[in-house]
Amino acid sequence: MWSGDAFDKAQTSPPWVGAAGPHSVMPFGSVLSIPGINTWVFRKFKGGTASVLTRVPLLRYLCLWGTIDVAGKSITAALKQGYCVGVVCDGIAGIFKGTRKHEAFYLKSRKSLAKFCIRNGCPFVPAYSVGNSQAFCSWFDSFGVLEYMSRKTQASLFLYWGRFLLPIPFRTNVTLLFGEPIAVEKNEYPTQEEIDMVHQKMLDAFQSLFDTHKHALGWSDVELKII
């Protein structure tokens, strides 16, 4: 769902980076946006995924939808070729921050995307997936061991379940909200102050997207915590 005139601006903007979240157990909204944007927004679009995905049975077939490695060099090359690229900002770490009871987005200290956008002078489009956190239940230790191991191996190591205690997602509505492209001035050697400023724009954009549309989506009593 596009907020305001974001759809028109996304069509006419230079190639942009779609900054999406939360990851949760499985970023359904972000994954489904790959064919959706290519089909309905009429922009060449690729999704950025971890390289380990190509080695995971079944999930590796998602690459057929049009994905690239989430490494900076791959994204830069795609942007130069005229593609827009979507990434899930909180990545694997985001799996361990939010639950079905707590809507949390792990982004406050993750500033690499802001730095990337400045160095490449590319706009970013904030996108928040409302309902994504409700698709599965998950379990991980409170000591951070599984989170640490997941980061080191670049693979998600935790337990999850859905309907009938199986890896079948619960029935829930998932709505991916899109904001308008936010322009970023290019600087190959950005200062920390510039990075902080663009990063704060990202945080504000995500919070505004969620708060503006949560009532229409039946999430009036839910508070988004960006941590």
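Where do arginine 151 and glutamate 147 both lie, and how many residues apart? Both are in helix α5, four residues apart, about one turn of the helix.

**Before you click**

This is a predicted model, in which local features need pLDDT of at least 70, side-chain atom pairs count only at pLDDT 80 or more, and totals for chains, interfaces and linings use all residues. Residues are numbered from 1 along each chain as its sequence is written, and side-chain values use heavy atoms, with hydrogens and water left out.

Color the chain by pLDDT, the predictor's confidence in each residue, from 0 to 100. The mean for the protein chain is 92, and 96% of its residues reach 70 or more. Among the elements, helix α2 (residues 28-41) has the lowest mean, 89. Helix α4 (residues 112-120) has the highest, 98. Helices (H or I, at least four residues) and strands (E, at least two) are DSSP runs, numbered from the N terminus.

**Stop 1: helix α5**

Select arginine 151 and glutamate 147. They form a salt bridge, with the closest N and O atoms 2.9 Å apart. The term means a side-chain nitrogen of Lys or Arg within 4 Å of a carboxyl oxygen of Asp or Glu.

Show the surface. Buried means under 20% relative accessible area, exposed over 50%, partly exposed in between (1.4 Å probe, protein chains only). Glutamate 147 is buried, at 13%. Lysine 97 is partly exposed at 28%, and arginine 151 is partly exposed at 37%.

**Stop 2: aspartate 5**

Select aspartate 5 and lysine 9. Their side chains meet in a salt bridge (3.7 Å, N to O). Aspartate 5 is partly exposed, at 38%. Lysine 9 is partly exposed too, at 33%. A search of the whole structure finds six salt bridges.

**Stop 3: helix α3**

Select residues 72-80, which make up helix α3. Which residues are buried here? They are Ile75, Thr76, Ala78 and Leu79.

The buried residues of α3 pack against β1 (17-21), β3 (67-69), β4 and α4. Contact here means heavy atoms within 4.5 Å. Just after α3, find glycine 82, which takes a positive phi of about 95°.

**Stop 4: aspartate 90**

Go to the loop between β4 (84-88) and β5 (104-105), where aspartate 90 lies. Aspartate 90 is buried yet has no salt bridge. How far away is the nearest side chain of opposite charge? That is arginine 110, at 6.5 Å. Lys and Arg count as positive and Asp and Glu as negative; His and the chain ends are not counted.
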